[in-house]
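Welcome! Take a moment to look at the model below, and then we will go through a few of its details together.

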Amino acid sequence: ALEAERLGYDAVWLEDHFQSWIGDPRRATQECWTTLSAVAEATDRIRLGTLVTSQSYRHPALLAKMAATVDQISDGRLELGLGGGWYEDEYDRFGYEFREPPAKRLRRLAETVEILQGLWTTDTYSHEGTHLEVDLEEAFCEPQPVQDPHPPIWIGGGGEQFTLRYTAELADGWNFGTLEPEGFAEKLDVLRDHCESESRYDEIRKSAELFVFVGETTAAAERKREQFQQEFLASEPSEPREFFLAGYLETAPTGTPAAVRDRLADYADVGIEEVMLAVPDAANDEDESLELLANEFAD
(Lines give C-alpha, C1' and ligand atoms only; values in the text may rest on other atoms or scores of the structure.)
Protein backbone atom coordinates (compact mmCIF):
# COMPACT_ATOMS: atom_id res chain seq x y z
CA ALA A 1 0.00 0.00 0.00
CA LEU A 2 2.84 2.38 0.80
CA GLU A 3 4.50 1.59 -2.52
CA ALA A 4 1.24 2.13 -4.41
CA GLU A 5 0.79 5.47 -2.66
CA ARG A 6 4.38 6.50 -3.46
CA LEU A 7 3.90 5.64 -7.13
CA GLY A 8 0.69 7.66 -7.46
CA TYR A 9 -2.00 5.01 -7.62
CA ASP A 10 -5.50 6.18 -6.77
CA ALA A 11 -6.61 3.43 -4.40
CA VAL A 12 -5.85 0.13 -2.72
CA TRP A 13 -8.65 -2.42 -2.58
CA LEU A 14 -8.81 -5.45 -0.25
CA GLU A 15 -10.93 -8.58 -0.68
CA ASP A 16 -13.17 -9.74 2.15
CA HIS A 17 -12.65 -13.48 2.60
CA PHE A 18 -11.87 -15.88 5.46
CA GLN A 19 -10.01 -18.25 3.15
CA SER A 20 -8.27 -17.89 -0.19
CA TRP A 21 -10.31 -18.41 -3.34
CA ILE A 22 -7.12 -18.53 -5.42
CA GLY A 23 -5.47 -21.93 -5.23
CA ASP A 24 -5.07 -23.51 -1.80
CA PRO A 25 -7.91 -22.34 0.53
CA ARG A 26 -5.37 -22.30 3.39
CA ARG A 27 -3.20 -19.75 1.60
CA ALA A 28 -2.72 -16.87 4.06
CA THR A 29 -5.72 -14.51 3.96
CA GLN A 30 -5.86 -11.47 6.24
CA GLU A 31 -9.19 -10.27 7.59
CA CYS A 32 -10.28 -7.37 5.43
CA TRP A 33 -11.48 -4.67 7.83
CA THR A 34 -8.81 -4.92 10.51
CA THR A 35 -6.18 -4.87 7.76
CA LEU A 36 -7.87 -1.86 6.16
CA SER A 37 -7.69 -0.01 9.49
CA ALA A 38 -3.94 -0.61 9.64
CA VAL A 39 -3.49 0.56 6.05
CA ALA A 40 -5.60 3.66 6.79
CA GLU A 41 -3.27 4.62 9.61
CA ALA A 42 -0.10 3.90 7.62
CA THR A 43 -1.04 5.92 4.51
CA ASP A 44 -1.84 9.57 3.87
CA ARG A 45 -3.39 10.05 0.43
CA ILE A 46 -4.40 6.85 -1.29
CA ARG A 47 -8.05 5.85 -1.11
CA LEU A 48 -8.99 2.57 0.55
CA GLY A 49 -11.66 0.14 -0.60
CA THR A 50 -13.21 -3.27 -0.09
CA LEU A 51 -13.59 -5.34 -3.25
CA VAL A 52 -15.98 -6.51 -2.04
CA THR A 53 -17.41 -7.07 1.44
CA SER A 54 -20.05 -9.78 1.56
CA GLN A 55 -23.30 -8.51 3.03
CA SER A 56 -23.68 -11.82 4.87
CA TYR A 57 -20.58 -11.63 7.03
CA ARG A 58 -21.48 -8.74 9.35
CA HIS A 59 -24.62 -7.32 10.88
CA PRO A 60 -25.38 -4.15 8.86
CA ALA A 61 -25.35 -1.89 11.92
CA LEU A 62 -21.94 -3.27 12.88
CA LEU A 63 -20.71 -2.79 9.31
CA ALA A 64 -21.92 0.82 9.37
CA LYS A 65 -19.92 1.42 12.56
CA MET A 66 -16.81 -0.29 11.20
CA ALA A 67 -16.91 1.65 7.96
CA ALA A 68 -17.50 4.97 9.72
CA THR A 69 -14.50 4.25 11.95
CA VAL A 70 -12.21 3.49 9.00
CA ASP A 71 -13.45 6.66 7.29
CA GLN A 72 -12.52 8.58 10.45
CA ILE A 73 -9.08 6.95 10.73
CA SER A 74 -8.33 7.66 7.07
CA ASP A 75 -9.75 11.21 7.18
CA GLY A 76 -12.38 10.42 4.56
CA ARG A 77 -10.67 8.00 2.17
CA LEU A 78 -12.96 4.95 2.37
CA GLU A 79 -14.69 3.36 -0.63
CA LEU A 80 -17.16 0.69 0.52
CA GLY A 81 -17.62 -2.16 -1.95
CA LEU A 82 -20.47 -4.60 -1.22
CA GLY A 83 -21.55 -7.88 -2.80
CA GLY A 84 -24.24 -10.47 -2.33
CA GLY A 85 -21.73 -13.25 -1.58
CA TRP A 86 -20.75 -16.13 -3.85
CA TYR A 87 -18.10 -18.39 -2.26
CA GLU A 88 -20.31 -21.26 -1.03
CA ASP A 89 -17.43 -23.36 0.29
CA GLU A 90 -16.39 -20.47 2.54
CA TYR A 91 -19.94 -19.99 3.79
CA ASP A 92 -20.24 -23.68 4.67
CA ARG A 93 -16.85 -23.96 6.36
CA PHE A 94 -17.31 -20.93 8.60
CA GLY A 95 -20.94 -21.40 9.49
CA TYR A 96 -22.72 -18.79 7.39
CA GLU A 97 -26.00 -19.57 5.64
CA PHE A 98 -25.63 -19.56 1.87
CA ARG A 99 -29.11 -18.57 0.79
CA GLU A 100 -30.39 -19.80 -2.54
CA PRO A 101 -31.46 -18.66 -5.06
CA PRO A 102 -29.05 -15.72 -5.43
CA ALA A 103 -31.98 -13.29 -5.40
CA LYS A 104 -32.34 -13.95 -1.67
CA ARG A 105 -28.80 -12.76 -1.04
CA LEU A 106 -29.17 -9.78 -3.35
CA ARG A 107 -32.36 -8.55 -1.69
CA ARG A 108 -30.46 -8.67 1.59
CA LEU A 109 -27.67 -6.70 -0.06
CA ALA A 110 -30.07 -3.95 -1.11
CA GLU A 111 -31.52 -3.76 2.41
CA THR A 112 -28.00 -3.56 3.84
CA VAL A 113 -27.29 -0.51 1.66
CA GLU A 114 -30.49 1.14 2.88
CA ILE A 115 -29.48 0.58 6.52
CA LEU A 116 -25.95 1.90 5.97
CA GLN A 117 -27.24 5.04 4.33
CA GLY A 118 -29.84 5.52 7.05
CA LEU A 119 -27.36 5.21 9.91
CA TRP A 120 -24.80 7.45 8.19
CA THR A 121 -27.11 10.32 7.28
CA THR A 122 -29.61 10.68 10.16
CA ASP A 123 -29.34 11.47 13.88
CA THR A 124 -31.41 8.39 14.73
CA TYR A 125 -32.57 5.63 12.45
CA SER A 126 -35.23 2.95 12.85
CA HIS A 127 -35.69 0.00 10.53
CA GLU A 128 -38.00 -2.99 10.39
CA GLY A 129 -36.33 -5.85 8.59
CA THR A 130 -37.89 -7.25 5.42
CA HIS A 131 -35.30 -9.62 3.98
CA LEU A 132 -32.82 -9.21 6.84
CA GLU A 133 -33.60 -10.30 10.38
CA VAL A 134 -32.71 -6.79 11.55
CA ASP A 135 -34.91 -4.40 13.50
CA LEU A 136 -33.39 -1.10 14.61
CA GLU A 137 -35.07 1.24 17.07
CA GLU A 138 -33.70 4.78 17.16
CA ALA A 139 -30.22 3.51 16.36
CA PHE A 140 -27.37 5.88 15.59
CA CYS A 141 -23.80 5.88 14.30
CA GLU A 142 -21.56 8.29 16.18
CA PRO A 143 -19.20 9.52 15.03
CA GLN A 144 -20.59 9.54 11.53
CA PRO A 145 -18.30 9.16 8.51
CA VAL A 146 -16.13 12.08 7.44
CA GLN A 147 -17.36 12.03 3.85
CA ASP A 148 -20.57 13.87 3.03
CA PRO A 149 -23.15 12.49 2.68
CA HIS A 150 -21.34 9.18 3.25
CA PRO A 151 -18.50 7.03 1.85
CA PRO A 152 -19.13 5.97 -1.74
CA ILE A 153 -20.94 2.62 -1.91
CA TRP A 154 -19.99 0.25 -4.70
CA ILE A 155 -21.96 -2.85 -5.66
CA GLY A 156 -20.01 -5.70 -7.20
CA GLY A 157 -21.51 -8.31 -9.51
CA GLY A 158 -22.91 -8.81 -12.97
CA GLY A 159 -26.44 -10.10 -12.42
CA GLU A 160 -28.69 -8.21 -14.79
CA GLN A 161 -32.05 -8.69 -13.07
CA PHE A 162 -31.10 -7.76 -9.49
CA THR A 163 -27.47 -6.64 -9.06
CA LEU A 164 -27.48 -4.05 -11.83
CA ARG A 165 -30.96 -2.85 -10.86
CA TYR A 166 -29.91 -2.30 -7.25
CA THR A 167 -26.77 -0.56 -8.49
CA ALA A 168 -28.94 1.81 -10.53
CA GLU A 169 -31.19 2.49 -7.55
CA LEU A 170 -28.75 2.66 -4.64
CA ALA A 171 -25.04 2.69 -5.46
CA ASP A 172 -22.36 5.23 -6.23
CA GLY A 173 -20.24 2.78 -8.21
CA TRP A 174 -20.30 -0.62 -9.93
CA ASN A 175 -17.55 -3.20 -10.31
CA PHE A 176 -17.23 -6.50 -12.12
CA GLY A 177 -14.56 -8.71 -13.69
CA THR A 178 -13.98 -11.76 -15.92
CA LEU A 179 -15.27 -10.07 -19.10
CA GLU A 180 -13.79 -8.86 -22.35
CA PRO A 181 -14.59 -5.24 -23.26
CA GLU A 182 -17.55 -6.36 -25.38
CA GLY A 183 -19.04 -8.11 -22.35
CA PHE A 184 -18.73 -4.95 -20.27
CA ALA A 185 -20.43 -2.96 -23.01
CA GLU A 186 -23.44 -5.28 -22.76
CA LYS A 187 -23.57 -5.00 -18.95
CA LEU A 188 -23.36 -1.23 -19.13
CA ASP A 189 -26.27 -1.14 -21.56
CA VAL A 190 -28.34 -3.09 -19.01
CA LEU A 191 -27.24 -0.75 -16.22
CA ARG A 192 -28.26 2.24 -18.30
CA ASP A 193 -31.69 0.71 -18.91
CA HIS A 194 -32.18 0.24 -15.15
CA CYS A 195 -31.33 3.88 -14.40
CA GLU A 196 -34.20 6.31 -14.12
CA SER A 197 -32.35 8.85 -16.27
CA GLU A 198 -29.17 9.33 -18.26
CA SER A 199 -27.91 11.70 -15.57
CA ARG A 200 -28.30 8.95 -12.98
CA TYR A 201 -26.29 6.60 -15.20
CA ASP A 202 -23.56 9.22 -15.52
CA GLU A 203 -23.37 9.55 -11.71
CA ILE A 204 -22.43 5.88 -11.25
CA ARG A 205 -18.71 5.13 -11.45
CA LYS A 206 -18.04 2.08 -13.62
CA SER A 207 -15.06 -0.14 -12.99
CA ALA A 208 -13.47 -3.40 -14.08
CA GLU A 209 -11.42 -5.72 -11.89
CA LEU A 210 -8.64 -7.28 -13.97
CA PHE A 211 -5.62 -9.40 -13.21
CA VAL A 212 -2.57 -8.04 -15.01
CA PHE A 213 0.84 -9.47 -15.85
CA VAL A 214 3.39 -6.89 -16.97
CA GLY A 215 7.09 -7.06 -17.82
CA GLU A 216 9.74 -5.10 -19.64
CA THR A 217 9.26 -7.57 -22.50
CA THR A 218 6.29 -9.60 -23.67
CA ALA A 219 8.17 -12.79 -22.90
CA ALA A 220 8.82 -11.69 -19.31
CA ALA A 221 5.13 -10.93 -18.79
CA GLU A 222 4.08 -14.28 -20.28
CA ARG A 223 6.48 -16.09 -17.93
CA LYS A 224 4.83 -14.39 -14.94
CA ARG A 225 1.41 -15.44 -16.17
CA GLU A 226 2.49 -19.02 -16.82
CA GLN A 227 4.16 -19.34 -13.42
CA PHE A 228 1.08 -18.02 -11.66
CA GLN A 229 -1.16 -20.39 -13.61
CA GLN A 230 1.02 -23.38 -12.77
CA GLU A 231 0.96 -22.53 -9.06
CA PHE A 232 -2.78 -22.17 -9.26
CA LEU A 233 -3.29 -25.49 -11.07
CA ALA A 234 -1.15 -27.30 -8.50
CA SER A 235 -3.82 -26.75 -5.82
CA GLU A 236 -6.82 -28.96 -5.12
CA PRO A 237 -9.65 -28.65 -7.68
CA SER A 238 -12.50 -26.38 -6.68
CA GLU A 239 -15.37 -24.53 -8.28
CA PRO A 240 -13.79 -21.09 -7.58
CA ARG A 241 -10.63 -22.26 -9.33
CA GLU A 242 -12.57 -23.09 -12.48
CA PHE A 243 -14.36 -19.75 -12.23
CA PHE A 244 -11.01 -18.01 -11.94
CA LEU A 245 -9.38 -19.79 -14.87
CA ALA A 246 -12.40 -19.26 -17.09
CA GLY A 247 -12.62 -15.57 -16.32
CA TYR A 248 -9.95 -13.52 -14.63
CA LEU A 249 -6.93 -15.34 -15.99
CA GLU A 250 -8.18 -15.54 -19.57
CA THR A 251 -9.03 -11.82 -19.69
CA ALA A 252 -5.86 -10.63 -17.90
CA PRO A 253 -3.97 -7.95 -19.87
CA THR A 254 -0.48 -9.36 -20.39
CA GLY A 255 2.61 -7.82 -21.94
CA THR A 256 4.75 -4.71 -21.84
CA PRO A 257 3.45 -1.59 -20.06
CA ALA A 258 2.48 -0.08 -23.40
CA ALA A 259 0.59 -3.22 -24.42
CA VAL A 260 -1.27 -3.27 -21.11
CA ARG A 261 -2.17 0.37 -21.53
CA ASP A 262 -3.54 -0.29 -25.02
CA ARG A 263 -5.61 -3.17 -23.69
CA LEU A 264 -7.04 -1.07 -20.86
CA ALA A 265 -7.95 1.57 -23.45
CA ASP A 266 -10.29 -1.00 -25.01
CA TYR A 267 -12.19 -1.12 -21.71
CA ALA A 268 -12.28 2.66 -21.49
CA ASP A 269 -13.71 2.82 -25.02
CA VAL A 270 -16.83 0.88 -23.94
CA GLY A 271 -17.44 3.03 -20.84
CA ILE A 272 -15.22 1.64 -18.07
CA GLU A 273 -13.91 4.63 -16.10
CA GLU A 274 -11.71 2.97 -13.46
CA VAL A 275 -9.75 -0.28 -13.32
CA MET A 276 -8.87 -2.28 -10.22
CA LEU A 277 -5.69 -4.13 -11.17
CA ALA A 278 -4.82 -7.35 -9.36
CA VAL A 279 -1.04 -7.68 -9.73
CA PRO A 280 -0.03 -11.13 -8.39
CA ASP A 281 3.69 -10.27 -8.39
CA ALA A 282 3.33 -7.00 -6.48
CA ALA A 283 3.93 -8.72 -3.12
CA ASN A 284 7.43 -9.66 -4.30
CA ASP A 285 9.78 -6.86 -3.27
CA GLU A 286 12.00 -7.60 -6.27
CA ASP A 287 9.16 -7.31 -8.79
CA GLU A 288 8.77 -4.02 -10.65
CA SER A 289 5.22 -4.48 -11.95
CA LEU A 290 3.69 -1.59 -9.99
CA GLU A 291 6.47 0.77 -11.01
CA LEU A 292 6.37 -0.25 -14.65
CA LEU A 293 2.65 0.46 -14.83
CA ALA A 294 2.92 3.69 -12.87
CA ASN A 295 5.62 5.00 -15.21
CA GLU A 296 3.54 4.11 -18.26
CA PHE A 297 0.52 6.00 -16.96
CA ALA A 298 2.45 8.92 -15.45
CA ASP A 299 1.43 11.29 -18.24
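Let's start with Cysteine 141, which is buried at a relative accessible area of 2%; buried means under 20% relative accessible area, with a 1.4 Å probe and protein chains only. Cysteine 32 is buried as well, at 1% relative accessibility.

How many disulfides are there? The count is zero, where a disulfide is a pair of cysteine sulfur atoms within 2.5 Å. For cysteine 32, the nearest cysteine sulfur belongs to cysteine 141 and is 17 Å away. Likewise, cysteine 141 is in no disulfide, and its nearest cysteine sulfur is that of cysteine 32.

## Where the model comes from

This is a predicted model, in which local features need pLDDT of at least 70 and side-chain atom pairs count only at pLDDT 80 or more, while totals for chains, interfaces and linings use all residues. Residues are numbered from 1 along each chain as its sequence is written, and side-chain values use heavy atoms, leaving out hydrogens and water.

## Two packed helices

Now find helix H3 (residues 60–73) and helix H5 (residues 102–121), which pack at an angle of about 50° with axes 9 Å apart. Helices here are DSSP runs (H or I, at least four residues), numbered from the N terminus. The axes are lines fitted to C-alpha atoms over the stretch in contact, and angles run from 0 to 180 degrees between N-to-C directions.

Contact means heavy atoms within 4.5 Å. On the H3 side it involves residues including Pro60, Leu63 and Ala67, and on the H5 side Ile115 and Trp120 are among them.

How values were computed: Buried means under 20% relative accessible area, exposed over 50%, partly exposed in between (1.4 Å probe, protein chains only).
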